[in-house]
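Please open the model in your viewer and keep the sequence panel beside it. The stops below are meant to be selected in turn.

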Amino acid sequence: MKIRIIQLLILLFASVSYAQQKQIKLSNQRIEAFNSEQGFYQNTIHSIISDNNGYLWVATPNGLVRYDGYSFDYYYHNIENKNALPNNFISSLLNDSKGRLWIGTRGGICIYLTDKEEFIPVEHTIKKEVFIKEDDKKRIWIGGLEKIEIFDASSDNLQKVDKIGEISLTDILKGNVITDVEFLSNSELLVSTSHKIFKIVFNQNDNYSHTVLEVKLDANIKHISEIIKINNSIWLGTQTGLYQTFYENNQLIKVGDYFIEDSKNTAESFDILSLFLDKDSNL
């Protein structure tokens, strides 16, 4: 059954007094809370997405949850079923341009075909991924720790997913881990760690050979968790607020900041956990 989900679920960790001080206006969207009384038995959520059929999917440390607008269905690892979830710890989700659900777990990656309602494991993938993203060329980028794997997801055969490349940054990161990536172009990536950002220039025709340059960054920008490119701006979500930057000459020039810590009141800062651009280009 195809269902339209029109509510926006928002997870906010912010103080009410600070929101009032900054005059953050609430929209007229209806906000519903779900707990055990409604059938939602989870305390931690890592990711929320919707699929092409209108279902909401929720990644938790204790399995995958699907919400149809009325009730919750739970999906778990089953050691006797090779087409079940690889692991119950779900950290990331992606609905790709073909309508497949990509699921990142501590047991590896799998895809879920919504029409067939079956999980298909993707062999030999990163098991501690931090992101799954799709670019304009229908390549799926899966990153974790110090490595990024690239898959071709363009085939009309929805069960066919081929690994086409890998970028290892072990020698560059030196123990730091990747927190996010963003695409500058079809051959350029920005890769963030907690305190640094690197530009990766890669050649897909040469087995994804690449060069790495450290990007100059404002000294105040630290603890980076998310990157998103909107038009000509690169937005950085951090543990101490949101920054708008502009990329030029291998430098991210800060042009704005939001929800930044007040030196007189350290409680008035926001820990930005996720950034999302909606269909109307609202961040």
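This is a predicted model: local features need pLDDT of at least 70, side-chain atom pairs count only at pLDDT 80 or more; totals for chains, interfaces and linings use all residues.

Residues are numbered from 1 along each chain as its sequence is written, and side-chain values use heavy atoms, with hydrogens and water left out.

Begin with the open sheet of four strands, ordered E9-E10-E11-E12 with antiparallel pairing; strands (E, at least two residues) and helices (H or I, at least four) are DSSP runs numbered from the N terminus, and two strands pair if DSSP finds at least two bridges between them. Its edge strands, each pairing on one side only, are E9 (131-134) and E12 (162-168). Select E11 (residues 147-152) next, which is joined to the antiparallel E12 by six bridges, and find Phe-151 opposite Lys-163 in E12.

Move on to Thr-179, in the loop between helix H2 (170-173) and strand E13 (180-185). Its side chain makes a polar contact (a pair of N or O atoms within 3.5 Å, one able to donate a hydrogen and the other to accept it, where residues adjacent in sequence count only if both atoms are side-chain atoms) with the side chain of Ser-192 at 2.5 Å, and a polar atom of the Thr-179 side chain lies 3.3 Å from the backbone oxygen of Ile-224.

Finally, select His-223, in the loop between strands E17 (216-217) and E18 (224-230), where phi is positive at about 55° although the residue is not a glycine. Phe-259, in the segment after strand E21 (251-258), also has a positive phi, near 60°.
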